[in-house]
There are 2 protein chains.
Amino acid sequence: MTPEQPIKKSALKMTDLARMAGVSKSTVSRALQNSELVNLETREKIQALAKEHNYRLNTQARNFRLKESFTIGVVIPSAENARWQVTDPFFLELLGSISFHLIEQGHEMLLSGLSLHAVASGDDGLRKINCDGLIVAGQADCHEDLNRIADGQTPMVVWGAQMPDQRYCTVGGDNRRGGELATRHLLERGCKRIAIIGDWATPEGLWRYEGYHQVLAEAGIAPEPALEVMLDSARDSHRQAVLRLLASGYTFDGLFCLSDAIAMAAINALNEHGMTVPGDVAVVGYDDISLARYYTPSITTVYQDRELGGRWLVDKLLRLIDGERVESAMLPTEIILRNSSQR
Amino acid sequence: MTPEQPIKKSALKMTDLARMAGVSKSTVSRALQNSELVNLETREKIQALAKEHNYRLNTQARNFRLKESFTIGVVIPSAENARWQVTDPFFLELLGSISFHLIEQGHEMLLSGLSLHAVASGDDGLRKINCDGLIVAGQADCHEDLNRIADGQTPMVVWGAQMPDQRYCTVGGDNRRGGELATRHLLERGCKRIAIIGDWATPEGLWRYEGYHQVLAEAGIAPEPALEVMLDSARDSHRQAVLRLLASGYTFDGLFCLSDAIAMAAINALNEHGMTVPGDVAVVGYDDISLARYYTPSITTVYQDRELGGRWLVDKLLRLIDGERVESAMLPTEIILRNSSQR
DNA sequence: TTCTACATTACAACCGGTTGCAAAGCATTT
DNA sequence: AAATGCTTTGCAACCGGTTGTAATGTAGAA
C-alpha cells in the first residue's frame, strides 16, 4: 500500500526562467510586463521562453506584493443564519450583470456566503473576505449593518433604495415611483379594492409601499390593513403569504406584488382557489424578470434595468476604490403592461 | 481644490503588535494560532491586545506563504464569447448548494466570468484564476476542453454526465434513466406522438435523448425526425425552438422538454397557439426547479437533487485537492408527476 | 555544584514576485 | 583623453506572514 505520492511538479518560477535565460529575476519580471526598460531583443527572447515552458505568473505573490487583489466581494443579504438561497431570479440576473462588468474591468468576483451581519462585525473567526471592495446585492433589513461597514475602510456600494440616514452609496430603481405606477395602473383598470403583498421592512419595499399608499390617498381611498400582507422573507414563503391573504376572507380585485416571484406564486394560488387572473383579480408584479413575459398569463410588472444597475454598481465601486467620491443613483423606472392586469 | 488625501491608515501588522507586546513577530504569529508553544499567559495577553486594536490578519500574505488560497473557482460554461448569463434557474439552485457547502468547509467561492475555453487554454492574457480547484457547473459542448484541463494540474470536478473517453470526474443525475422515465410516462398517459425539445449536443442532453429513443423503440414506435427539435443554446432562445416545432405543422400530443425552463416556454407558446396543456399536449420537463411546482399548470418533471449534487461536488473536489482519487458519481433520479401531463 | 531536560522565546530564512537605485557598457561631446 | 549621457541589466530590499532551529532561562537530578 504505497502512500499516494502526489506528483506535484512544482510550478516554474521567475528565478527558473531567469536562470534559463541567463539574466536576472528582475529582468524577467520587467520583460514579462513588456517594460521599455529592457531591450526589445531580450524581452522577446524571455517572452518566448515563458510561452515555451508554459510559465504562469503566480498571481498570489503578485497581488500580495502589490497589495491588490483585483477581486470584488459580492454579498447577498440573507437572514442571519439562513443558507445562501436566492429564490428570486431577479438577483441572479443582477448578479449576471455585475459579474459581466467586473470581468470587463479586469476584476474577479468573490461570491461570499457570509451573512451581512458577519461581514459587518468582522468577527468571522480568522476568516476574512480578502478583496478590494464590496458589492452588496440588496439591503434586506441590514441598513444599520451597512452603515457600520461604510464607516470602516472597505469600499462598498449597495443595490437598493436610499434612506435618510444613510452613509453608503446605493444604486437602485425609483421604488416610490414604481409603487405609484403599479397602483395607478390598477386603479385605471377599474380595480376598487387593491391588495398588496411584499416585504416593506426593506427600504426598497418600503418605498414601493409608500407609493401605493400615496396613490390610494390621491384617489380618496382609505387604506385597508386587511389587504396588506407583510411578507417576512426570512420565515415564510411567497406562497404562504398569498394563502394568508386568501384565508382572511377579504375580497379584492387588484393585487400589487412587490416582486415577480411573489406575483407568480400569487397567480398560482389564486387559480387553485378558483379565481382567474386577470378576470377576477388583476395582478401587477415588480422587477420584470425574464420569466415574467412567458408566464401564464404574462405578468404586468415594473421594469428594473439590471444591466444598467450592474454597470453602475461596478463603476461606482471602482471609482470609490480609486479614492473618488461617488453619489447614490436612481435608475429610470417604467411599468410594462401585459396580460395579468388586462381585462 | 485640495487633492483628495485618502486617509489610508495603514493596517496594523504583526510587527506592530509584537512591538507593543514586547515580543517577537514569531511569538505573535504563534499566539494568534493559539499554539501550545507559547506560554498561556503571553498568549492571552497577545490575543487581548489583538482584539483591543482590532487587528486583522492579512489573509493575502498568509495564503501566499502557505501556498493555499482557500478559494474554489466556479465556472459556468457559456458560449464562447457570450456574457455570463444563466437563463436557467436550475444552475442558480445548484450554485446555491455548491456555495453553501464550500463555505461550510471554510472555502471561498470565486465566480469566474471566463468562458471554459479561456480557462482551458490558459491564454487569458496575464490574468489567471488563482484558486485551489475548479468546479464546472455543466459541460455544455466543452467536453474536449474539460479533458484538457483535467490533464493539467488544476483539480477539477464537473456537473454533468459521464462520457466514454472522459478523464475528469463528474457528478450528475442518471440522465438516461431520466429520459426513459419521462418518455414512458407520456406513453402510459396515452400519448401517441411524442416530440422532444432540447440540446443534445451536451452529454446530459444526449443521454436524455437516448433514453427517449430507447423507450420509443421498446414500444415499437419509429422515431420521427420532424418531432425532434434541437436547441442551440448559444444561438436561439427556448421560445424560438418551440415556435419552430409549432411552425413545422407536425402534430403531437406529448412533449418532452429537456429542461423545465424549456417546458415553461413551451407551455406558454402552446397556449398562445390555442393548444391547452395537458388537454391537447402533455408536457414533461426536467430538473424540477422550484418554480416548476407553481407554474400554471404545475409541471411534471424529472427531479435532480441539486442539494446532494452540490455537496458531492464539493466533497469530491476537496478530496481531489488532498491528493485522493475520486470516482464519478450519479445521483438518484425520479420523476415527479404534476398537472402538465395529467389528463 | 554541575549537568540535563524542558519550557519559552527570538532569529532568520522563506514564499514569488516588483521596483528603486546602482553599475556596467557604449557612444557622443568637449 | 576625459567627461557626459543614455541604454540595459543586476542587486537587494520589501510585501506580511509562517516555521525550523538556535538561544535563553529555570528547575530538577546526579
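Residues are numbered from 1 along each chain as its sequence is written, while chains are lettered from A and ligands numbered from 1 in the order in which they are written. Because the model is predicted, local features need pLDDT of at least 70 and side-chain atom pairs count only at pLDDT 80 or more, whereas totals for chains, interfaces and linings use all residues.

**Surfaces near the DNA**

A residue is near a strand if its C-beta atom, placed from the backbone, lies within 6 Å of it. Helices (H or I, at least four residues) and strands (E, at least two) are DSSP runs, numbered from the N terminus. Ala, Val, Leu, Ile, Met, Phe, Trp, Tyr, Cys and Pro count as nonpolar, Asp, Glu, Lys and Arg as charged, and the others, Gly among them, as polar.

| DNA strand | Residues around it | Closest residues |
|---|---|---|
| C | 24 residues | A:Met14, A:Ser26, A:Ser29, B:Ser26, B:Asn39 |
| D | 24 residues | A:Ser26, A:Asn39, B:Met14, B:Ser26, B:Ser29 |

Around DNA strand D, the elements giving two or more residues are H2 (25-32) and H4 (59-66) of chain A, together with H2 (25-32) and H4 (59-66) of chain B. H4(B) gives the most there, with five residues. For DNA strand C, H2 and H4 of chain A and H2 and H4 of chain B each supply at least two residues, and the largest share, five residues, comes from H4(A). The surface near DNA strand C divides into nine nonpolar, eight polar and seven charged residues; the surface near DNA strand D has nine nonpolar, eight polar and seven charged.

**A helix pair in chain A**

Helix H10 (residues 238-247) of chain A packs against helix H11 (residues 260-272) of chain A at about 50 degrees, with their axes 9 Å apart. Axes are lines fitted to C-alpha atoms, for helices over the stretch in contact, and angles run from 0 to 180 degrees between N-to-C directions.

**Paired strands in chain B**

Strands pair if DSSP finds at least two bridges between them. Strand S10 (residues 300-303) of chain B runs parallel to strand S9 (residues 282-287) of chain B, joined by four bridges. Three bridges join S10(B) to strand S12 (residues 334-336) of chain B, and these run antiparallel. B:Val302 in S10(B) stands opposite B:Tyr286 and also opposite B:Ile335 in S12(B).
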